[in-house]
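Please walk me through this protein model, starting with the whole chain and ending with single residues.

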Amino acid sequence: MGIEPRRIKLLLILAIAAIFHCTSVRCIHTEEEFTEELLLKPLPDRKVLAHFHFTNSLPPTKVHGRHHRLFPKAIYQLVQKFSIREMELSFTQGRWDYERWGGFDPLSSANAKPPGVELWALFDVPIDQIDATWRNLTHALSGLFCASINFLESSATYASPHWSFRPSLVNDDHKINDAEHIINYDKTKGPSSRLRYGSLPREAVCTENLTPWLKLLPCRDKAGLAALMDRPSIYRGFYHSQRLYVLSSEFNSEKTEKQHEGIMLQQTLTLVLQPSNVQTTGNINKQALQPSWSISSLFGRELIGQCLLAKSSSVFLELERTLVEKLESARKDNTNTSLVVGTNYPSFHLNTVPDRVLKETTVSESMSGMPDGSIMFEFLVDKYNESHPLNVGLTWKAPVVWLSLLAPFRANRFLMGSGNARGSIVISLKADKSHKKIWVDDGVYALPGVAGCHISLLVFQVVPWYVRLYFHTFQVFIDGQPRPIWDVVKKMQISPAEDRKSPGVMEIELEIPCNTSSAALIVNFDKGFLRIDEYPPDANQGFDLPSAHISFPGFQANRYYLKEESFTSPLLLGFLSKSTVQLYTEVLLVPLATPDFSMPYNVITLTCTVLALYFGSLLNVLRRRIGEEERYLKSKAMGGGRLMQLLSKFSSKFKGKTGDSTSSGLRLHKVLLVVFLAVALHYYLSSK
């Protein structure tokens with residue numbers, strides 16, 4: 001009985017110590033967390049967007065230690081080894097169609113990536129070690145994801161952007177110029193940013209890249225939402241992009257209250273699929289009706305439960321704002337039907353009752369006149385199992401036509417000129433006229449005709465060294481008319497290319513009037529010459545120029561929902577945060593002057609033939625024994641009969657004793673002739 005008070009005192013001491021320890025290290029998240037989410041969204045062009053979103057959070061190492069239960073060890077080692085503060089890696093097949101699939105929403109701004117591989121990383125190492133750290137990181141990622149990311153190790157393939165890629169560690173309340181703790185520019189040494197960016201537009205994406213990406217998930221593709229990732233369903237889509245995003249505060253010396261503590265890993269897979277099932281009711285035209293679809297029709301299987309290691313698992317079905325406006329007009333014809341209750345609606349039918357319906361709303365008084373936004377149906381996966389699977393589906397009952405929200409400008413890039421010597425790169429911008437109002441600042445809408453209204457945009461473009469840009473030829477056209485550069489360009493950062501050492505980089509911030517219909521940026525270039533060993537195997541196909549990145553700093557794509565205080569979904573919380581509207585242009589195919597690769601074969605063949613004849617003749621002459629051949633012929637003639645012996649005696653008398661000297665002289669002449677021919681051939685080839 002005397003031991004019990006001691007136990008109580010010991011427990012009290014341990015509890016007080018734990019409280020003080022938790023307070024000293026700001027014990028907010030002390031356990032690992034993993035969530036999985038799937039967003040389904042119908043698109044205007046009869047396709048379906050499927051977005052898988054996995055989030056894995058790890059507390060700080062000083063709190064949680066170095067042993068992990070859910071967080072992938074490979075990513076943790078990368079962060080610790082290379083002191084990564086922020087990194088994003090994407091593998092993309094296809095191009096995001098901004099005109100049909102939208103460009104003014106958080107999903108497209110963060111997950112619409114250029115074709116091929118794109119990698120950018122922010123390091124927390126000394127300036128003189130950043131390039132070496134970048135090279136080591138590319139090799140590590142190349143081995144981890146079975147890709148050619150190591151091709152980005154050369155200084156001629158990566159760049160250091162100044163304004164285009166804003167790290168998340170920068171406070172959103174700061175302006176674009178207030179990132180001096182990340183950007184440090186020295187005019188004598190050039191850009192010394194801790195951010196590095198590189199892309200491989202020709203990198204092919206296949207299952208060899210998807211398999212190691214899935215291995216980073218706690219349940220891999222054996223359970224949960226990842227079990228829906230059927231390989232044929234994924235790769236027959238129109239667009240496929242797998243993304244890996246890492247945010248770490250392990251090495252941040254300038255911590256803020258708003259900053260995420262520990263390491264956060266986001267894995268997203270964005271697909272655009274074509275459903276084939278079309279169900280009609282009544283006499284509705286099958287061609288005018290949107291195709292009906294479900295999870296089983298898109299992925300070939302149903303969802304039989306969540307990953308047991310996941311804290312939460314949800315499936316969302318989103319109806320975007322412009323679609324809701326069309327459905328609201330159809331609802332007014334039927335006053336007995338509500339748009340946010342039940343599963344049966346005037347224009348569509350849900351085959352599963354949602355657990356929660358979230359409706360986007362406006363939060364600013366200046367935006368109170370704007371219509372309500374999108375609607376989100378949430379389905380909790382933990383309620384379903386193998387005997388009762390989840391198969392979310394949407395069946396259309398009436399034709400609906402709508403357009404997605406677009407960015408302020410649609411961007412296209414193309415080449416001008418002909419031949420293999422020179423040309424021009426053109427970035428064409430066309431304004432989107434589908435919106436009556438333009439967002440010029442946070443929560444402020446203005447008409448395009450208002451005086452002083454300008455749209456700010458950043459253009460970031462990296463070109464290989466063999467495409468030599470002439471920046472003094474840069475021209476700006478507004479509505480087809482040339483404009484002085486400094487009337488439109490607010491600031492510019494250029495870095496001319498250096499042969500085989502650094503690419504050409506152009507980063508420009510423009511201010512274009514809101515009433516602009518079209519704009520064009522033109523810059524001339526010359527095509528360089530490569531060595532024969534620098535050409536790829538398919539050199540005649542041409543060389544790919546990476547996509548140009550265009551962002552709109554004054555336009556923030558975010559969404560506000562009525563029940564945001566109860567949100568535990570990382571996907572919806574990401575929608576609440578401000579995301580700069582951005583887009584990518586096409587990949588350009590530039591033909592370069594290529595040599596005749598058959599000439600080395602012809603030269604090798606001719607040379608080998610001449611050498612074979614030369615050495616064959618020389619060896620034949622040197623090794624040939626003429627005296628033995630004559631004795632052999634004499635002995636053969638001696639055995640040929642009496643007549644042959646008489647002829648042989650007659651011949652020897654006629655020739656006398658000069659036979660041996662004649663044969664040796666003939667052999668010497670042959671050797672001299674071969675040597676002369678060899679010397680003449682060598683002189684002829686050397687003169688060529």
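The paragraphs below go from the overall fold to two local sites.

This is a predicted model, in which local features need pLDDT of at least 70 and side-chain atom pairs count only at pLDDT 80 or more, while totals for chains, interfaces and linings use all residues. Residues are numbered from 1 along each chain as its sequence is written, and side-chain values use heavy atoms, with hydrogens and water left out.

The protein has 16 helices and 31 strands; these are DSSP runs numbered from the N terminus (helices are H or I, at least four residues; strands are E, at least two). Of its 688 residues, 46% count as buried, that is, under 20% relative accessible area, with exposed meaning over 50% and partly exposed in between (1.4 Å probe, protein chains only). Its accessible surface is about 35300 Å², and carbon and sulfur atoms hold 56% of that; areas come from the Shrake-Rupley method with a 1.4 Å probe, and for residues only the protein chains shown count as cover. Taking contacts between residues at least 6 apart in sequence, 77% join residues at least 24 apart, where contact means heavy atoms within 4.5 Å.

L611 has a relative accessible area of 43%, so it is partly exposed.

T352 counts as buried because its relative accessibility is 13%. Its side chain makes a polar contact of 3.2 Å with the side chain of N351; a polar contact is a pair of N or O atoms within 3.5 Å, and within protein one must be able to donate a hydrogen and the other to accept it, with residues adjacent in sequence counting only if both atoms are side-chain atoms.
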